[in-house]
Amino acid sequence: MEDAMYVAEKIREPAQINAVALKAYARVADAWGLSLKEAAGLADMSESTWKRAKKPAFAGELTKDQLLRLSAVIGIYKSLELYFSEPLARSWFTRPNTGPLFGGSRPVDTAIDGGLPQILAVRSYLDALRGGA
């Protein structure tokens, strides 16, 4: 039992949380085919920081805002994978959308422009679709 507690405590270390979040986010960015500029903008990082952050040895800190962004984007990805079939699940975030949150723009562009509030709004929008609301 003590071993499990030790492992659980180790996982909560900020550096490890950051590493897991960045690895998952990098996979999402690749799956969606985001450009370096788009992936960096969505994570609220400079392009040079995002290039470094993608490497396993990245020791930089993530702000709370950045960690929330990565978490919400990963949630968006999971919702799309559950709600849509391929290839729409992979292309939805980067296709023009006439939905109320997007006004004909691509969800990725509105998320970059609107920051965390828009990313969370997209996440809620998809959760509502999935839930049939």
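Analyst: Axes here are lines fitted to C-alpha atoms, for helices over the stretch in contact, and angles run from 0 to 180 degrees between N-to-C directions. Helices (H or I, at least four residues) are DSSP runs, numbered from the N terminus. The model is a predicted one, in which local features need pLDDT of at least 70 and side-chain atom pairs count only at pLDDT 80 or more, while totals for chains, interfaces and linings use all residues. Residues are numbered from 1 along each chain as its sequence is written, and side-chain values use heavy atoms, with hydrogens and water left out.

With that in place, the axes of H2 and H5 come within 9 Å and cross at roughly 45°. This makes H2 oblique to H5, given that angles under 35 degrees count as roughly parallel, over 145 as roughly antiparallel, 65 to 115 as roughly perpendicular and the rest as oblique. The crossing of H2 with H5 is left-handed, a term used if the near helix is turned anticlockwise from the far one by less than a right angle. In contact, meaning heavy atoms within 4.5 Å, residues of H2 including Ile-17, Leu-22, Tyr-25 and Trp-32 meet residues of H5, among them Leu-67, Val-73, Ile-76 and Leu-80. The residues of this contact of H2 with H5 divide into 15 nonpolar, one polar and no charged, where Ala, Val, Leu, Ile, Met, Phe, Trp, Tyr, Cys and Pro count as nonpolar, Asp, Glu, Lys and Arg as charged, and the others, Gly among them, as polar.

H5 (residues 64–83) also packs with H7 (residues 107–131), their axes coming within 9 Å and crossing at roughly 25°. That angle makes H5 roughly parallel to H7, and the crossing of H5 and H7 is again described as left-handed. On the H5 side the contact includes Asp-65, Arg-69, Val-73, Ile-76 and Leu-80, and on the H7 side it includes Leu-116, Ile-119, Arg-123 and Asp-127. The residues of the contact of H5 with H7 divide into 13 nonpolar, four polar and five charged.

Beyond H5, Pro-87 lies in the loop between H5 and helix H6 (88–91), and the peptide bond from Glu-86 to Pro-87 is cis, with omega near -5°. Elsewhere, Asp-44 sits in the loop between helix H3 (36–42) and helix H4 (47–53), and Asp-44 has a positive phi of about 60° although it is not a glycine.

Conventions
Helices (H or I, at least four residues) and strands (E, at least two) are DSSP runs, numbered from the N terminus.
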